[in-house]
Amino acid sequence: MSVLTVLLLWACSGDTMKNVSERRSGYFTATVGGMTVTAVSGVRETSFDADGAVSGELKPYTLITVVPDTFDVDAVYTYSAVIGDCKYGGTLVVHPFAASYSAELDVEAVGAFTVTVQSGSSSVEAELRSLVTADMFAYDRAIDAAENELKPRGDYEIRVRLIKNPLDGEGVCWHVTFISADGEGGVLLDPITAKVLAKRTE
């Protein structure tokens with residue numbers, strides 16, 4: 001392929017991250033030892049504000065959430081995680097209303113990884129596996145499908161995230177939100193067929 005052809009293809013493809021303030025493409029989970037460990041990952045604005053302005057500088061992140069079968073608000077959980085060649089660890093932060101514990105890391109997980117959770121003398125190792133399959137489309141197609149459905153106008157920022165399907169509780173779906181100065185609208189999309197599962201207009 002010639003250099004000219006490569007340049008032309010790049011020019012036609014455009015910037016798929018234009019106006020994107022968050023892209024969450026990773027969703028990992030495991031249930032073991034009396035707890036469910038979930039991790040979501042991607043990139044998002046360093047100043048994460050839903051202001052409808054042009055998206056700013058992006059940083060990688062992975063948010064790990066631990067939900068024990070039996071919740072104790074006074075319990076202390078620590079964790080260690082190995083993502084790629086790097087190891088992370090610390091104390092999980094309690095979320096009393098969501099009955100969970102969490103930690104956020106400045107890295108994007110792009111493959112399966114291990115999280116070890118410890119409380120007192122008890123330790124659980126979770127092998128987090130991705131819920132993303134080969135037949136699911138990527139974030140850029142999700143944005144295109146959402147724009148075709150909602151036809152947003154003017155200036156807006158975009159948040160495109162893989163989330164647990166809230167309609168049936170099984171698998172994941174794309175949640176695409178367009179945020180402008182006048183409000184926001186969004187859609188839930190089937191990640192294989194691009195079917196609109198639900199939508200909210202401004």
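Two strands pair if DSSP finds at least two bridges between them; strands (E, at least two residues) and helices (H or I, at least four) are DSSP runs numbered from the N terminus. This is a predicted model, in which local features need pLDDT of at least 70 and side-chain atom pairs count only at pLDDT 80 or more, while totals for chains, interfaces and linings use all residues. Residues are numbered from 1 along each chain as its sequence is written, and side-chain values use heavy atoms, leaving out hydrogens and water.

**Exercise 1.** Determine which strands are joined to S10 and how they run.

*Solution.* Step 1: eight bridges join S10 to strand S11 (residues 172–180), and the two run antiparallel. Within S11, Trp174 is the bridge partner of Leu162. Step 2: strand S1 (residues 20–32) is joined to S10 by four bridges, in parallel. Here Glu22 stands opposite Arg159 of S10.

**Exercise 2.** Explain why S10 is described as largely enclosed.

*Solution.* Step 1: buried means under 20% relative accessible area, exposed over 50%, and partly exposed in between (1.4 Å probe, protein chains only). Step 2: six of the eight residues of S10 (residues 157–164) are buried, so the strand is largely enclosed by the rest of the structure.

**Exercise 3.** Describe the surroundings of Arg23.

*Solution.* Step 1: Arg23 lies in strand S1 and, at 13% relative accessibility, counts as buried. Step 2: with contact meaning heavy atoms within 4.5 Å, the residues touched by Arg23, not counting those up to four places away in sequence, include Glu108, Tyr139 and Val160.
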